[in-house]
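Hi,

Here is the structure I promised to pass on.

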Amino acid sequence: MAVIEVDNVTRIYQKYSAQHRFKTFKSAIVKGDFFKSLKPDEIVTALQNVSFKVGEGTTFGVIGENGSGKSTLLKVITGITKPTSGQVAVRGKVSALIELGAGFHPEISGRENVYINGIMLGLSKKEIARKFDDIVRFAQLEEFIDAPVKTYSSGMYMRLGFSIAINVNPDILLIDEVLAVGDASFVPKCLDRIDDFRRRKKTILFVSHDLATVERICDRVLWLKEGKAQIISEPKRAIDAYLQDIAKKQKEDFESKQHEVEQRMEEEWDEERREARWGKREIEIRRVSLKSPEGQEKYVFSPEEGMLIEMDVRSSARIKDFVFGIGIFNSQGIRCYGTNTHSEDFEPRFIQGEGKVTCLIEKLSLINGTYYLDAAVHKKNGYPYDYHRNLYSFMISSSHRDVGIARPQHSWSFSPGIEIKPPLSRKARG
Amino acid sequence: MLRILNNLKELFKYRILVQNLVSRELKARYRGTVLGYFWSLFNPLLLMIVYTVVFGFIIRPRDPAFEGSPWLYALFLFCGVLPWQVWFASSSLESANVLLVQGNLIKKILFPVEILPIVVVTSNFIHFLLGLPILFVFVPILGKGYTPYLLFLPVVILVQYVFTLGFAFLVSSLTVHFRDIKDILANLLTFWFFASPIIYPMTFSTIQEHKWLNIFLNLNPMTHIMQGYQNCIFFGELIRWKRLGVTFLVSLLLLYIGYSVFDRLRDSFPEEV
């Protein structure tokens with residue numbers, strides 16, 4: 001049975017300018033047409049025709065960029081705001097962790113705040129009295145519960161808020177990005193509690209940017225983009241689609257930047273880019289392009305992907321001493337990899353006229369980030385014909401969270417005495 | 001109308017919240033101050049002293065009701081200044097702000113927002129109640145006696161409660177859309193203070209001689225409420241049932257209008273505050 005039904009919901013925000021308000025106020029006083037004249041100057045569509053159902057006992061994730069309408073969706077479901085059109089039906093008691101500790105009064109003690117907050121979330125005084133110790137213990141605030149809330153650190157504040165909200169014992173729990181601010185010891189506790197909720201077949205609506213957690217705990221995921229539901233599916237597909245969209249956007253950003261660089265190179269490399277390109281160009285690198293192994297030009301790669309570096313070269317004379325080389329640098333300027341034909345013992349014979357040099361990297365195996373590419377042709381002794389320093393860039397984007405410079409291929413295994421749950425990952429990690 | 005009744009039913013479920021918020025309000029206000037709740041009486045006391053000095057001692061009360069005594073005049077002042085300043089004026093000013101100040105709550109938690117102005121009016125009402133014993137102590141000191149008409153005080157208080165609440169609903173919801181109301185209100189209250197018989201009695205000869213002034217003052221609902229207090233405490237006579245009755249009806253109407261406007265604008269609060 002569906003406990004949350006969102007049917008074709010649209011939510012439009014209207015903005016009124018101060019000037020307009022004044023006119024409205026004037027006309028309200030003069031003509032008395034108060035409600036009619038309250039017209040907006042700007043309309044923002046936060047949600048557009050969103051429909052979905054959340055079945056009882058399932059965990060439903062909502063992902064999307066900032067401003068895609070996630071929080072508005074939660075507000076509509078809790079009833080804090082009403083949809084402009086469409087229907088929302090919710091069966092059961094809802095607890096909203098939209099903002100932890102909203103409504104705490106700084107001047108009074110934690111104890112009193114627990115009571116007031118609890119009542120606001122729909123508990124009776126008796127219920128709170130019964131759960132009070134649990135709440136305080138979970139928040140680890142036994143010593144401070146009688147101190148005014150203004151003396152709490154932001155972590156204590158948040159712990160108390162979370163503890164109250166989770167102890168309300170709702171049928172439906174709404175979680176909005178609250179785990180983002182927790183410290184290293186509290187977040188796992190929260191996740192434990194959420195798991196406990198799932199085990200007890202309660203319904204959870206989980207809004208987060210933490211895709212790994214979404215993937216781990218959600219049964220179905222909705223991806224919102226600009227207020228529209230892009231996809232509702234099992235987590236893997238939705239997250240993939242979302243990541244792809246982000247990558248596409250990054251790529252577009254990147255390409256426009258790339259384009260700029262190319263233009264600059266053509267126009268004014270002599271002036272500005274001297275240090276970025278040098279050599280007398282007896283052999284000239286006329287163009288460098290980055291491609292997928294299939295030959296499609298691109299700038300955003302995943303660590304598992306391969307890359308094709310293509311150099312269009314030209315030599316006006318017949319030259320017998322030449323070496324082609326590449327180098328990959330990360331954004332801190334660390335050389336992640338460098339090689340050339342000489343160090344790999346290719347023996348040059350001659351080059352004349354136009355040609356193409358291709359270097360295929362079968363698997364990039366780098367961590368996330370932006371990388372810069374050197375391309376060069378020089379003599380064996382190092383005399384440069386044409387040296388391009390960091391003129392080309394590409395990006396590695398993935399859901400991995402590993403650190404370092406490179407990503408050696410790896411896998412984990414454990415002897416039978418060690419019990420450890422493998423990730424429910426869409427791709428085996430590593 | 002039906003919707004309002006439904007809302008009232010919903011509101012009843014939240015009475016414990018109102019109770020807790022009021023007590024929180026009272027506690028929070030005095031926590032951290034040395035003199036505690038006397039601060040809330042400080043302002044009306046100061047006002048009273050200033051008016052007593054100026055009108056009682058310097059100008060001298062001319063109305064026969066005061067028998068030429070500045071002390072009686074001081075008591076008369078106290079009867080009006082206490083409910084006006086401690087209860088009505090503070091409630092109005094605070095409720096103009098309350099939705100904006102508690103914006104975070106409105107945006108994040110689902111609860112009947114009308115609780116907020118109710119809490120404002122109620123907690124100021126309790127301040128007023130806490131000030132009443134002081135007023136009673138002063139009655140014999142300043143030269144008057146207690147009369148059985150004091151028993152009618154709750155009637156006057158009820159009328160003022162309804163009136164203040166209606167006004168609070170109106171002001172709090174409109175301020176969300178027109179922030180200027182906050183500033184207009186502060187000035188309006190000064191004007192209103194002098195347009196109510198607080199520092200002068202309605203029996204004052206100048207008022208009685210000017211027909212239009214008399215009518216104007218009588219159209220002000222607060223006139224009758226203030227007179228109610230003065231009748232019960234100062235003059236020791238029966239409250240004017242008819243006038244207070246009409247005022248009560250006007251107050252109920254204001255409450256209805258205030259609540260309707262509030263209800264109508266309710267959906268816009270989360271995005272506007």
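Before anything else, keep in mind that this is a predicted model.

I'd start with helix H6 of chain A, which covers residues 186-199. With 14 residues, H6(A) reaches 20 Å from its first C-alpha to its last, close to the 20 Å expected at 1.5 Å a residue. Its buried residues are A:Phe186, A:Cys190, A:Ile194 and A:Phe197. Looking down the axis of H6(A), you'll find these buried residues within an arc of 80 degrees, so they line one face of the helix. Which residues sit on the face turned away from the buried side of H6(A)? Those are the exposed A:Pro188, A:Asp192, A:Asp196 and A:Arg199.

As for what covers the buried residues of H6(A), the list includes helix H5 (154-167), strand S6 (172-176), strand S7 (203-207) and helix H7 (211-217), which belong to chain A. Just after H6(A), have a look at A:Lys201 too, which takes a positive phi of about 60 degrees.

H5(A) turns up again in a helix pair. Its axis and that of helix H4 (residues 125-139) of chain A come within 8 Å and cross at roughly 140 degrees. H4(A) and H5(A) are therefore oblique to each other, and their crossing is right-handed. If you want to see where they meet, H4(A) brings A:Lys131, A:Asp134, A:Ile135, A:Phe138 and A:Ala139, while H5(A) brings A:Arg159, A:Leu160, A:Ser163, A:Ile164 and A:Asn167.

Over in chain B there is another pair to look at. The axes of helix H7 (residues 153-177) and helix H12 (residues 241-265) of chain B come within 8 Å and cross at roughly 25 degrees. That makes H7(B) roughly parallel to H12(B), and H7(B) passes H12(B) in a left-handed crossing.

Also in chain B, B:Pro140 lies in helix H6 (residues 115-141). Is B:Pro140 buried or exposed? B:Pro140 has 11 other C-beta atoms within 10 Å, so it is exposed. B:Pro140 and B:Trp212 are 72 residues apart in sequence and 36 Å apart in space, C-alpha to C-alpha.

Finally, the contact between the chains. It takes 22 residues from chain A and 22 residues from chain B. On the side of chain A that touches chain B, helix H1 (18-30), helix H2 (70-78) and helix H3 (110-120) of chain A each supply at least two residues. H3(A) gives the most to that side, with five residues.

Cheers

Technical notes. Residues numbered from 1 in each chain as written. Chains lettered and ligands numbered in written order. Predicted model: local features only at pLDDT ≥ 70, side-chain atom pairs only at ≥ 80, totals over all residues. Helix = DSSP H or I, 4+ residues; strand = E, 2+ residues; numbered from the N terminus. Expected span 1.5 Å × (residues − 1). Buried ≥ 20, exposed ≤ 12 C-beta atoms within 10 Å, placed from the backbone. Arc of directions from axis to C-beta. Contact = placed C-beta atoms within 7 Å. Axes fitted to C-alpha atoms, helices over the stretch in contact; angles between N-to-C directions. Parallel < 35°, antiparallel > 145°, perpendicular 65-115°, else oblique. Left-handed = near helix turned anticlockwise from the far one by under 90°.
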